[in-house]
Amino acid sequence: MRWRSVRWATTFVATLVVPLAGAVPAANAQAPLAPVSDTLGRVLATASGPTPLTTLVHAADAGTAARAVQAAGMREITRFPRIGVVAATGTAAQVAAVRKAAGVSYVENNDPLVAFGSSGTTATRSAEARTTLTGADGAPLDGRGVSVAIIDTGIDPTHPAFRGADGSTRVVRNLKSLCLGGTTTSCIVDVPTSLDTDATALGGHGTHVAGIAAGAPYTLAGGSSVGGSAPGAKIVSISTGLAILVLGTDAALNWVLENHAAPCGAGVPATVCPPIKVINNSYGPSGGGEFDPQSATVKLQRALAAEGVVTVWANGNDGGDGSADLSNPPGKDPTPGVISVASYNDQGTGTRDGTVSDYSSRGLATDPSTWPDVSAPGENILSACRPYLVICATGLQPSNGPGPLDLGTYNVISGTSMAAPQITGIVAQLFQARPGATPGDIETAIKSTAYKYRDGAPYEGGSSFDKGAGLVDTVAAVGALAGP
């Protein structure tokens with residue numbers, strides 16, 4: 001097995017504004033006005049004076065559009081000859097003049113755009129659950145009272161995403177696996193909760209994943225929203241490093257099995273360090289593989305389920321068309337409380353009618369036992385990521401955090417690695433809603449209430465080989481848990 005966790009896909013669009021000076025020529029009052037885009041219409045309704053507007057002027061050919069721009073006194077910025085469009089800037093009066101010019105067919109606004117990345121919590125209704133629902137403790141449904149375990153490259157506990165209300169880190173246990181194999185926990189050692197184990201691993205993946213599961217909600221300077229599904233949860237990080245990640249994961253799972261009830265030790269109260277109720281696993285072999293019920297991984301996760309801990313798996317990034325089983329092997333475990341997650345694309349808008357990510361691993365169409373359980377946003381996810389970390393540096397949309405020194409602390413990465421922690425955080429929310437739920441109750445609530453978005457393969461018996469039961473719906477899942 002080798003490290004296979006993440007696929008990166010980013011989009012970046014920037015706007016251009018150029019200052020202008022120019023006179024408005026006399027216009028033929030009888031000439032019909034070319035139509036404008038809705039946004040330009042709204043801008044023109046309030047624009048006045050010399051304030052420059054940047055527009056795209058359409059005609060049958062670029063030469064006609066350019067002559068219209070010149071005649072209106074606008075300043076040409078650039079041309080798109082293949083589609084007959086000229087980008088130009090001018091005052092509202094000059095835009096009105098160009099609309100009357102011969103041959104101009106349409107004028108649109110240079111709309112401001114933001115980076116195409118989301119936190120995913122809108123599409124899953126996790127953010128809605130946090131602001132409209134309360135847990136059994138009467139507190140907002142943000143995962144408080146639960147610890148989530150992140151088995152990954154490591155984590156930066158000092159990242160602003162993990163600050164609590166008092167300014168301290170919500171990473172309550174920071175562990176480093178030095179294991180080369182097996183399931184013993186003697187090779188898992190404590191490190192200070194101030195130590196960035198992601199940096200020592202030359203990673204970045206774990207910090208991004210943890211931010212999706214439990215990052216604090218912020219609105220960044222550019223207007224983008226970030227934050228995880230369970231920002232009230234505590235975090236236990238088990239760093240297995242970048243190069244030996246898979247080799248040490250069984251030992252990490254075994255550590256959780258031995259310590260989930262009191263992850264910070266018997267003397268630390270649950271109010272400070274709550275029990276671990278869910279484990280995120282965003283790793284697996286390339287190309288999937290056969291499910292092995294005799295493997296140590298499966299035995300461990302079944303023992304964990306029996307003790308009340310849910311195990312979440314990224315389903316893999318190998319795509320496929322249903323002609324082969326490419327799903328991550330441990331996630332195919334039918335044990336209630338073991339959940340495999342496909343990647344969904346919310347198109348950066350929070351839509352619930354998006355698409356299955358092309359890279360998301362498909363199961364074998366004729367074998368439902370290989371299908372993922374559920375979908376969650378995993379494409380173009382904006383989360384915690386230090387710019388000096390290797391994996392974070394591959395994201396092309398760095399954004400500054402909430403503080404003046406938090407420069408480039410968020411970035412966009414894609415993969416089922418990003419989809420799995422959406423579910424991990426939601427599981428924490430569900431356990432807060434119903435602390436006595438079993439792992440099977442949690443999985444049933446998630447799958448039975450999933451939103452049946454239409455893209456991809458048809459649903460058969462409530463599931464599909466590419467997206468499982470559909471897109472997770474946190475609010476509906478909470479309702480299902482509250483039922484009889």
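Bear in mind throughout that the model is predicted.

I'll start with helices H6 and H9. H6 covers residues 205-214 and H9 covers residues 416-433. Their axes are 7 Å apart, and the helices pack at an angle of about 40 degrees. That angle makes H6 oblique to H9. The crossing is right-handed.

Which residues of H6 meet H9? On the H6 side they are His205, His208, Val209, Ile212 and Ala213. Across from them, H9 contributes Ser417, Met418, Pro421, Gln422, Thr424 and Gly425. Sorted by type, the residues of this contact are 5 nonpolar and 6 polar, with no charged ones.

Next, helices H10 and H11. H10 is residues 439-448 and H11 is residues 474-482. Their axes come within 8 Å and cross at roughly 130 degrees. So H10 is oblique to H11. The crossing of H10 past H11 is right-handed.

From H10, the residues in this contact are Asp441, Ile442, Ala445 and Ile446. They meet Ala477, Ala480 and Leu481 of H11. Here the division is 6 nonpolar, no polar and 1 charged.

Now the aromatic rings. How many aromatic pairs are there? The count comes to 2.

One of the pairs is Tyr283 with Trp313. The ring centres are 5.3 Å apart and the planes are at 75 degrees; planes over 60 degrees apart count as edge-to-face, so this pair is edge-to-face. Where do the two residues sit? Tyr283 is in the loop between strand S11 and helix H8, while Trp313 is in strand S12, so the pair ties together parts 30 residues apart in sequence. Are these residues buried or exposed? Tyr283 has a relative accessible area of 4%, so it is buried. Trp313 is at 2%, and therefore counts as buried too.

The other pair is Tyr344 with Tyr453. Their ring centres lie 4.8 Å apart with the planes at 70 degrees, so this pair is also edge-to-face. Tyr344 belongs to strand S13, residues 338-345. Tyr344 has 0% relative accessibility, so it counts as buried. Tyr453 is buried as well, with a relative accessible area of 0%.

Definitions and conventions
Residues numbered from 1 in each chain as written. Predicted model: local features only at pLDDT ≥ 70, side-chain atom pairs only at ≥ 80, totals over all residues. Heavy atoms only, no water. Axes fitted to C-alpha atoms, helices over the stretch in contact; angles between N-to-C directions. Helix = DSSP H or I, 4+ residues; strand = E, 2+ residues; numbered from the N terminus. Parallel < 35°, antiparallel > 145°, perpendicular 65-115°, else oblique. Left-handed = near helix turned anticlockwise from the far one by under 90°. Contact = heavy atoms within 4.5 Å. Nonpolar A, V, L, I, M, F, W, Y, C, P; charged D, E, K, R; others polar. Phe/Tyr/Trp six-rings, centres within 6.5 Å; stacked < 30°, edge-to-face > 60°. Buried < 20%, exposed > 50% of the residue type's maximum accessible area, 1.4 Å probe, protein only.
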